[in-house]
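Please consider the following structure with attention to its strand pairing and its aromatic contacts.

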Amino acid sequence: MIRTTAPLATTLRHGCAGLLALLCAAPLWAATLAVAPGQSIQAAIERAAPGDIVEVARGSYAGNLLIAKALTLRGIQRPTVSGGLKGDTIRVTSPDVVIEGLIVRDSGDDLGAQNAGIYIQPGADRAVVRNCDLTYNLFGLWIEKVKDVRIERNIITGKRDYRSASRGNGIQLYNTTGAQIIGNEVSFVRDAVYVDVSHHAVFRGNRLHHSRYGTHYMNSYYNLWEDNDVYMNRGGLALMEVRDQTVRNNRAWANSDHGIMLRTIQDSVVENNVVAGNNRGFFIYDAEYNTLRGNLVVDNVVGVHLWAGSKNNVVEKNDFVSNREQVRYVGAKDELWGVKDGNHWSNYLGWDRNGDTVGDVPYEANDLVDRLSWQHPMLKLLLGSPAVQTLRLVGQQFPLLRAPSVVDPNPHMQPTHNNWREWLGRYFPGSR
């Protein structure tokens, strides 16, 4: 089939210079090469000219494919390409390659060689992988030293019969710029999305579950994480040694360790997320100059675990509801949250005599009894006893016995999230 990509009349109106530029930039036509069952996809790729379309009919095809020119590899009715449990099932070495509509499976299992369902190697800029199923590959996609890749609406599952440490990651980004990771579902891999030294990326509308980490960020800046569901992993979002991140409107729930980890992170905004049913909702370690705003932290064992000099953060308008322990704070002095707008704490015992919806006395997250119970867990058996309640009261009255705490001077009497009840009871199986 022959088709033109630009009307000649339009080109002529812009003169010879425009025509020359167009001829240099792209072919004026593209052919479609059809591959039927029993035929070779690689042979069709080698016959194709840059810009052509290779259409693969429904069926099963064996072989490890190499795409070294700009073309579109398109599956019709979801054909299967199997790598035969060796190497990469598909390796892309050229810029401007599109892969869509395929089932890509059975890569090798060599972690050192980074065997992948689709390996996008350095220089293969602007690659697009969409509407594919990548299954039983070591790494689903390995993407290295490229610009402006787009990975969208794929379903990625790993080698489920391998132990977690022997699996690869679902989507691995290394040293990339401008990636768009949109609408994918990733599960049963080591880390669903691993991001290392990758900047100016967008992660939106993904579902990441049943892995070690839903996402694992390292040394990456200026990225947007938005409207993702991260659940039933060991850890949800792990943002480590990063800065200038925007993390908003996500849902991190039923993770057996933490919902969102902020570790060695600066100058980032974490807002309007739901963090529910995790062992620790937020784990905040060595985090400074960040803004946490408008988050719902509900029904976690520990709402926030805060330590290692995490300070100078703005924490406003969050709802901390029905966490067994709202904040576990390790520090030498009080940390002020809610200085401007306050937060809601469901275990606040103060009052609001003037009816302005803000409590009249500050909220303190931890006291002497909390500290003792962390050091001596068996003390929790006596938390309801008169002796322990008396000790709590004495600690409040005598400053020398008072433990440093997170203090909110403007606690809200009511939560701003009216849907908090919907998130009760969403626990990792067997965690409680």
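In which sense do strand 32 and strand 35 pair, and over how many bridges? Strand 32 (residues 280-288) and strand 35 pair in the parallel sense over five bridges; two strands pair if DSSP finds at least two bridges between them, and strands are DSSP runs (E, at least two residues) numbered from the N terminus. This is a predicted model, in which local features need pLDDT of at least 70, side-chain atom pairs count only at pLDDT 80 or more, and totals for chains, interfaces and linings use all residues. Residues are numbered from 1 along each chain as its sequence is written, and side-chain values use heavy atoms, leaving out hydrogens and water.

Tyr-285 has Trp-307 of strand 35 as its bridge partner. Strand 35 (residues 302-307) also runs parallel to strand 38 (residues 325-329), joined by four bridges, with His-305 partnered by Arg-328 in strand 38. Five of the six residues of strand 35 are buried (under 20% relative accessible area, 1.4 Å probe, protein chains only).

Aromatic pairs number 15 in the whole structure, where rings of Phe, Tyr and Trp (its six-membered ring) pair if their centres lie within 6.5 Å. Trp-345 and Tyr-363 are stacked, at 4.4 Å and 15 degrees, and both are buried.

Note on methods: Buried < 20%, exposed > 50% of the residue type's maximum accessible area, 1.4 Å probe, protein only. Phe/Tyr/Trp six-rings, centres within 6.5 Å; stacked < 30°, edge-to-face > 60°.
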